[in-house]
Amino acid sequence: MRLRDLAADVPAAEPHPASGDYDVLRVIHDSRQARAGDLFVAVHGLRSDGHDHVPRLAAEGIAVAVERPVPIPPGAPALILLDTRTGLAELSAALHSRPARRLLVVGVTGTAGKTTTTHMTAHVLTAAGIPAGYLSTVAHGAGTHADENRSGQTTMAAPDNQEWLARMVERRMRAAVIETSSHALEQGRVAACDFDVAAYTNIGQDHLDYHRTPKNYFNAKARLMDLTARSAGKGVPKTTILNRDDPSFELLSAHCATEGRLTYAIDHPADVRATDVSLSRNHTRFVLRGAGGSAPVHLRLPALFNVRNALCAAASGLAFGAPLDAVADALSAFGGVRGRLQPIDRGQPFTVYLDFAHSSLRLHSVLSELRTTTSGRLIAVFGATGHADHDPVGMGRAAAKYADFFILTTDDPAHKDPADLARRIESGVGPRRRGTDYEVILDRRAAIRRAMESARPGDVVVLAGKGPERTMLLADGPAPWDEQAEAEAALEELGRATASAANESTSRVSFGTRSDLAGTSQEVAGTRRRAEGL
């Protein structure tokens, strides 16, 4: 597309004189990737400013877009933008003929539950006759095709988002579900996504290392409603979906600027409700009520928080006119997401779950839910990350309150001392006694082995934090790590596994497969949500 035509589709974009004939093949923001045919958008980042690279790139004949004066050669192809962060998204969308305007788009945000809800929503929509792609922490999918999310971010950079939305249009998707982090909302990565539904799971306290205050974090999350309200119309009401059971409800409700609003809840009156909830260790039954009807659901996932995730997904389906019976059937068929309360079953006489819980809110949710269905002891293995602030003191409080025994270990320490991170967790455990109620084993492999060794019949072991990640972020960079393989190896070495490797390989692929929209790949970069996450 010619630069002048691209500029004409972006609000307040002013082409540099005599630069309109440049043919733009790609919009980028990483100067290291620049080549002929690119339009480099200079974004001011946390550690560097893209404007510093503009003179060199412009001298090489590469088109540039800036938001402040920068020396460039006369006649060099260039654009002036009011805001290059938003401009990066707008230019990327324009280059791909604004694919979001040809899709129904759901943005899912919250402190916990985003990934499961994103996959569940795409599954519900597709099953209800609205083929949906998805962009999540763990994978990106359109139809039968799914790729690992290797970006290192929950929500990718704007050019990648727009490229994937265009891919969904090409593959005849009618909808897209985007897991949307607070960082992405703050940094304009989801501008030009033209949302139709803003869906909220919950809002707690997280990422204060970046947002600084809980108010800033809340305001970043609330931007999704604002984006949705301002997005291009597509013949459906712009709708906000809120969790009536969450403490954030009143504040979010007061901020809501969309035409429509749907609420969901278990414990309060709401537009979409779950009643007659029956919990067990590996599944949940409830009656889905909404849109003037009711239908039974047999959810193949444990825990009340997954019921709420299901209600959020159901509300998104109902917002687009999906029949309630079809929504309920889709929820019953949903197979789960790797690394989210994923069972590890090698025939051992106790239950083992792999979970991505890396924040105080998620750890609290997981442990409190499992506490209610555990007949034996609840054993947790977890650590605090060094790359982002997920409230390690609160993690200690959660473990002290709900776990019978827990082991503090290493989880992506990055440049911080794992022992210091463990001490931060310890400051929240209160009267629980080291050596009796919990241990500190910084070698994560040894910590997992210790948990498997100490578990008795009827116990539940939760390996929290790493989930499906395949690296451990250390001071000298990422090192290979596979939590599932480590758990299975420990069970084998201790003689506690009875299931054959062949049987286990079958169970691996049944918990969220590529053939199902719920499915995701195991291969996930370990540096992902630590820098950006929620």
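Modeller: Let's start with two helices: α4 (residues 114–127) packs against α11 (residues 324–333) at an angle of about 130 degrees, and their axes lie 9 Å apart. Helices here are DSSP runs of H or I with at least four residues, strands are runs of E with at least two, and both are numbered from the N terminus. Axes are lines fitted to C-alpha atoms, for helices over the stretch in contact, and angles run from 0 to 180 degrees between N-to-C directions. By the way, this is a predicted model, so local features need pLDDT of at least 70 and side-chain atom pairs pLDDT 80 or more, while totals for chains, interfaces and linings use all residues. Residues are numbered from 1 along each chain as its sequence is written, and side-chain values use heavy atoms, leaving out hydrogens and water.

Colleague: Why is α4 called oblique to α11?

Modeller: Under 35 degrees is roughly parallel, over 145 roughly antiparallel, 65 to 115 roughly perpendicular, and the rest is oblique. About 130 degrees falls in that remainder, so α4 is oblique to α11.

Colleague: Which residues of α4 and α11 meet?

Modeller: Met120, His123, Val124 and Ala127 of α4 meet Val327, Ala330, Leu331 and Ala333 of α11, where contact means heavy atoms within 4.5 Å. Those residues split into seven nonpolar, one polar and no charged. Nonpolar covers Ala, Val, Leu, Ile, Met, Phe, Trp, Tyr, Cys and Pro; charged covers Asp, Glu, Lys and Arg; the others, Gly among them, are polar.

Colleague: How do you know that the span of helix α5 agrees with 1.5 Å a residue?

Modeller: The expected span is 1.5 Å times one less than the number of residues. For the 13 residues of α5 (158–170) that gives 18 Å, and the end C-alpha atoms are 18 Å apart, so the two agree. Buried residues of α5 include Trp164 and Leu165, and just after the helix, Arg172 takes a positive phi of about 65 degrees.

Colleague: Why is Asp389 called partly exposed?

Modeller: Buried means under 20% relative accessible area, exposed over 50%, and partly exposed in between (1.4 Å probe, protein chains only). Asp389 has 27%, so it counts as partly exposed. Asp389 sits in the loop between β19 (378–382) and α13 (392–402).
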